[in-house]
Amino acid sequence: MGLEKVLAISGKPGLYKLVAQTRTGFVAESLVDKRRISVNIHQNVSLLSEIAIYTLTEEKPLQDVFTLIKEKENGEQTAIGHKESKDKLEEYFFNILPDYDEDRVYASDIKKVIQWYNLLQKHDLLDFEEEVSTSDEEE
């Protein structure tokens, strides 16, 4: 499953997997506790595949940032928790993405990225390379 099916829902903790579409929205399953919820079309929902991190030159897709973290951590959980101090979070993120825009990427954004990475890693959803090669073969 790629990031196209992983959702961040405003006001709801954690990440959700898109299960099915309905007439008024869709059904999503929490990656944290596997509970299913009905999400209506008016709620603020973001697909992880559509999120990017500002750098000094461009916007870096979240998938690329996750790949950089995965390489640094050798596929394991991050060495730093999402509840660390602002300075520690920024130092860690600078090691991952040295050219991120410090004026536009806040500590709260870094917390989310680290928390989401750890959640995706826990559920073994970080194998993006395999999906890219599979979709290339289909074309």
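I call a residue buried under 20% relative accessible area, exposed over 50%, and partly exposed in between, using a 1.4 Å probe and protein chains only.

**Ground rules.** I am looking at a predicted model, where local features need pLDDT of at least 70, side-chain atom pairs count only at pLDDT 80 or more, and totals for chains, interfaces and linings use all residues. I number residues from 1 along each chain as its sequence is written, and side-chain values use heavy atoms, with hydrogens and water left out.

**Pro98.** I found Pro98 in the loop between helix 2 (86–96) and helix 3 (107–122). Is Pro98 buried or exposed? Its relative accessible area is 51%, so Pro98 counts as exposed. I also checked Pro98 against Leu18: they are 80 residues apart in sequence and 33 Å apart in space, C-alpha to C-alpha.

**Layout.** I noted four helices and seven strands in the protein chain. Helices (H or I, at least four residues) and strands (E, at least two) are DSSP runs, numbered from the N terminus. From that end, the order reads β-β-β-β-β-β-β-α-α-α-α.

**Whole chain.** I looked up the C-alpha trace, which spans about 45 × 40 × 30 Å along its principal axes. Buried residues make up 35% of the 139 residues. Next I took contacts (heavy atoms within 4.5 Å). Of those with a separation of 6 or more, 54% join residues 24 or more positions apart.

**Charges.** I counted Lys and Arg as positive and Asp and Glu as negative, leaving out His and the chain ends. Each charge is placed at NZ of Lys, CZ of Arg, CG of Asp or CD of Glu. The mean positions of the 17 positive and 28 negative charges are 11 Å apart.
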